[in-house]
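Student: I would like to learn how to read a structure such as this one, feature by feature. Could we look at it together?

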Amino acid sequence: MANEVDSSTWTLITVTYNNERQLEESWKNFDAADARWVVVDNASTDRSVAIARDLGATVVERDANYGFSSSNNVGLASASTPYVAFVNPDVTVAPRSLDTLRRSVDLHGGFVAPQLYYGDDTPQPNARGLPTVAQKFANRGARLPWVDPSAYARVDLPHPTYVAWAIGAAIAGRRDSFDLINGWDDKYFIYYEDHDLGLRAWLNGLTVVLDPGITWRHTWQRETTGVNLSAWRHELRSALRFYRQYPDLLTFGRVRRSKRLHRTRAHLWTPADRSSS
C-alpha cells in the first residue's frame, strides 16, 4: 500500500476483529488534531468497519483474519508520520497525552508504553520483566516460592523505567525504530508477539520504557482466562515459537549468563534516564 503523506505527527494503528463494542466505548471521544488513526480490520462480520469510519478512522479492510502482528505491519506500512503508536480497540487514548508521549520517545529512544488502567481505575501491570517459564507460570497463579512476582509484572513505577517488554495493547515509538527491527513478527498470529517485539528492540540496541506519567485506559478481557479453546491453541502455538526463539528463558530458575539478553537484564527496572542508556 502506498503511504498517505500528511503533516500529522502521529499515526495510531488499531487492529480490529469484531470489535464494534470496544470501538464505540473506547474511541467515541477521541479527537487529536495531530494524529491520523488507521484501523486495520481482519474481515470483521460485525459493524467494526462502519463504526471506525464514523469515528474518523482511515480503514484498511483485509479479506480474512490474518492476525494481530500481520495487520499491525499493514498499518505500519501505511504510516508516513515520524511517530507511530499501536493501540488496541479497547484502549482509550488521552489526546492531550500524545505530545508528552512524543517527548518521552525522544528522550528515552526506542519504544515507550503508557501506564494502562483498567475500567475501574486500578493500574494494569503492563510493565513486564523477562518472561521466563517460571515467571509465566507464577503470573498465572502457580505457587513457586523462589519466584519474585515483582520481577515480572509491576504497577508501582514512580518514574519512567526500563522494562523487558510492555503489553502490545499500547506501545509507541518513532517510525524508523519500528522499521529498524522490521516491525512485528508475522509468524505470531496473536499472543507473545509483544514479548518478542520488546526483546528484539533490546537486541537491536533500542530500549523499552514504561512511562507512568502517561496514563491510558484499557478495558482488558483476556480470552485465555476462561474456557476458549481457540484462544488457548493460539497461545500455546505462540508460546512454543517464542521459547524456541529465546531458549535462554526456558527455565524455572534465573536467566544465567545470557549474552543475548545481557543488555536487557542490565537495564531492567532501573530509571530510564539518558545517562544509563
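Tutor: Let us begin with pairing: two strands are said to pair if DSSP finds at least two bridges between them. Keep in mind throughout that this is a predicted model.

Student: How many bridges join strand 2 to strand 3?

Tutor: Strand 2, residues 35-41, and strand 3, residues 58-61, run parallel and are joined by four bridges. Within this pairing, valine 38 stands opposite threonine 58 of strand 3. In a regular strand the side chains alternate between the two faces of the sheet.

Student: In what order do the strands of the open sheet of three strands come?

Tutor: The order is 8-7-10, and the pairing is antiparallel. Strand 8 (153-154) and strand 10 (165-166) are the edge strands, because each of them pairs on one side only. Strand 7, residues 127-128, is joined to strand 8 by two bridges, and in that pairing arginine 128 has alanine 153 as its bridge partner.

Student: Let us turn to helices. Why is helix 3 described as largely enclosed by the rest of the structure?

Tutor: The general idea is that an α-helix has 3.6 residues a turn, so residues three or four places apart point the same way. To judge burial we also need a cut-off, since a residue counts as buried when its relative accessible area is under 20%. In helix 3, residues 68-77, eight of the ten residues are buried, so the helix is largely enclosed by the rest of the structure. Among the buried ones are Phe68, Asn72 and Leu76, and what covers the buried residues of this helix includes strand 1 (10-16), strand 2, strand 4, helix 6 and helix 7.

Student: Is asparagine 88 buried or exposed?

Tutor: Asparagine 88 lies in the loop between strand 4 (83-87) and strand 5 (91-92), and it counts as buried because its relative accessibility is 18%. Leaving aside neighbours within four places in sequence, asparagine 88 is in contact with Thr14, Trp27, Phe68, Gly168, Ala169 and His218.

Student: What is the phi of aspartate 121, and what is that of tyrosine 191?

Tutor: Aspartate 121 has a positive phi of about 70 degrees although it is not a glycine, and tyrosine 191, also not a glycine, has a positive phi of about 75 degrees. Aspartate 121 is placed in the loop between strand 6 (111-117) and strand 7, where it is partly exposed, with a relative accessible area of 49%. Tyrosine 191 is found in the loop between helix 6 (175-180) and helix 7 (193-203), and with a relative accessible area of 11% it is buried.

Student: Finally, which residues line the largest cavity?

Tutor: A cavity is a space where a probe fits but cannot get out, whereas a pocket is open. The largest cavity holds about 30 Å³ of space, and it is lined by Phe111, Trp165, Ala166, Ile171, Asp194, Leu197, Gly198 and Val208. Helix 7 gives the largest share of this lining, three residues. By class, the lining divides into six nonpolar residues, one polar and one charged.

Student: What is the volume of the second largest pocket?

Tutor: The second largest pocket has a volume of about 400 Å³. Its lining has 15 residues, and Gln135, Ala151, Gly253, Arg254 and Val255 lie nearest its centre.

Terms used
Residues are numbered from 1 along each chain as its sequence is written. This is a predicted model: local features need pLDDT of at least 70, side-chain atom pairs count only at pLDDT 80 or more; totals for chains, interfaces and linings use all residues. Side-chain values use heavy atoms; hydrogens and water are left out. Buried means under 20% relative accessible area, exposed over 50%, partly exposed in between (1.4 Å probe, protein chains only). Contact means heavy atoms within 4.5 Å. On a 1 Å grid over the protein atoms alone, a cavity is a set of points where a 1.4 Å probe fits but cannot get out, and a pocket is an open set with protein on both sides within 12 Å along at least five of seven lines; lining residues have an atom within 4 Å of a point. Grid points are joined across faces, edges and corners, and a volume is the space filled by probe spheres set on the points. Ala, Val, Leu, Ile, Met, Phe, Trp, Tyr, Cys and Pro count as nonpolar, Asp, Glu, Lys and Arg as charged, and the others, Gly among them, as polar.
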